[in-house]
Amino acid sequence: MKYIKFLLIGMFFGIVLVKSEAVSWYRIYEMFRFQSFHMYGIIGTAIVSGIILLQLSKRNIIKGANGSPIVVPLKENGFKRYIFGGIIFGFGWALIGACPGPLYILLGTGVYSMAIVIIAAIFGTFIYGIIKDKLPH
Amino acid sequence: MEYLLNPWPWYVSGPLIAFTMMLLLYLGKTFGMSSNLSTMCSILGGGKISEFFKFDWKEQSWNLAVVIGAIIGGFIATHFLSNDVVTDLNIKTVEELKTLGFSNAGASLVPDEIYNLEALLSLKGIAILIVGGLLVGFGTRYAGGCTSGHAITGLSSLQRPSLIAVIGFFIGGLIMTNFILPLIF
């Protein structure tokens, strides 16, 4: 039953991303052609709201469920992995018009071909796990 | 009801995404939608081949609940919370896409030219889906996160690695959309 809350959060997230059109292939295309403010507006207001919420939690105004402070895990330092990995991710994001959340959300909207993309994405993650030590990080 | 059924404006959607992130942090978890791909690798026995997938996936199974919820959320949103409004794209975008061979831009969430059965059964079509998926799956793990983990969580918590990753996302996306897509279509 502890999974119910995560299921509900996922449902909420899925509805928000469909209603915001952030799962639209066309919106991603439009963003990378600088032809619309829409996606920049979504990402921008998400970050600004996120900064405000996290600053409030830093000042202990917002606390975690069990009263403990809210902790955002820190990304390890580095440059190469973030820029190279980011570019590779960007290629895929713009090609299929979906990042990992929308992959599943779009499957739910009835885009069944997305199952192939999801399997390929799992395999892509698997390849990373195998060759990771040979890559610059 | 009309407000609910129409597409939501960006200034409503953005804060709601931040709220999703806070809900997960409140429960002691992280908002990062790509983690489930690693969890799936671990469940499928990836730990036997790579140390990277040798972790107790049961502790990560909550992110599979989020994934199943996201699928249900997508279903609910299209079947019960939508009217058939066409995505309000820039006229220039629609014309541009038409010259690339995409008809009815914005009529659905994804182009038929990439996602319908006919495309799926062509060599080029299936190659696009597989290559796209591989790039997303490989890139997100190499970069240590995706749009939710880096662009939303990482930038909201003012982390430099996430800024570099997001710059990478945009370099890759800009090259794909502006230079490679016109070659493919």
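Helices here are DSSP runs of H or I with at least four residues, strands are runs of E with at least two, and both are numbered from the N terminus. The model is a predicted one, so local features need pLDDT of at least 70 and side-chain atom pairs count only at pLDDT 80 or more, while totals for chains, interfaces and linings use all residues. Residues are numbered from 1 along each chain as its sequence is written, chains are lettered from A in the order in which they are written, and side-chain values use heavy atoms, with hydrogens and water left out.

Chain B comes with some annotation. The unreviewed UniProt entry puts "transmembrane region" at residues 12-28, 62-81, 119-142 and 163-184 of chain B; such positions are given in the numbering used here, feature names are shortened, and annotations may be inferred rather than shown by experiment. Residues 12-28 of chain B are 88% helix and 0% strand, with 25 Å between the end C-alpha atoms. For residues 119-142 of chain B the figures are 92% helix, 0% strand and 29 Å from end to end, again between C-alpha atoms.

Chain A splits into domain 1 (1-73) and domain 2 (74-136), with bounds from an automatic or database domain assignment. Their C-alpha centres sit 19 Å apart. Contact (heavy atoms within 4.5 Å) links 12 residues of domain 1 of chain A with 12 residues of domain 2 of chain A. Together these two domains bury about 910 Å², 76% of it on carbon and sulfur atoms; buried area is the accessible area (1.4 Å probe) that two parts lose on being put together, summed over both. On the domain 1 side, the elements that give two or more residues are α1 (4-19) and α2 (25-32) of chain A. That side of domain 1 has 10 nonpolar residues, two polar and no charged, where Ala, Val, Leu, Ile, Met, Phe, Trp, Tyr, Cys and Pro count as nonpolar, Asp, Glu, Lys and Arg as charged, and the others, Gly among them, as polar.

Then there is the interface between the chains. It takes in 128 residues from chain B and 105 residues from chain A, and about 10400 Å² is buried, 78% of it on carbon and sulfur atoms. B:Trp10, B:Leu109 and B:Tyr142 supply 8% of the area that chain B buries against chain A, more than any other three residues. One salt bridge turns up across this interface, the term meaning a side-chain nitrogen of Lys or Arg within 4 Å of a carboxyl oxygen of Asp or Glu. A:Arg33 and B:Glu96 meet in a salt bridge at 2.8 Å, N to O. Helix α10 (residues 160-184) of chain B gives the largest share of the chain B side, 20 residues.
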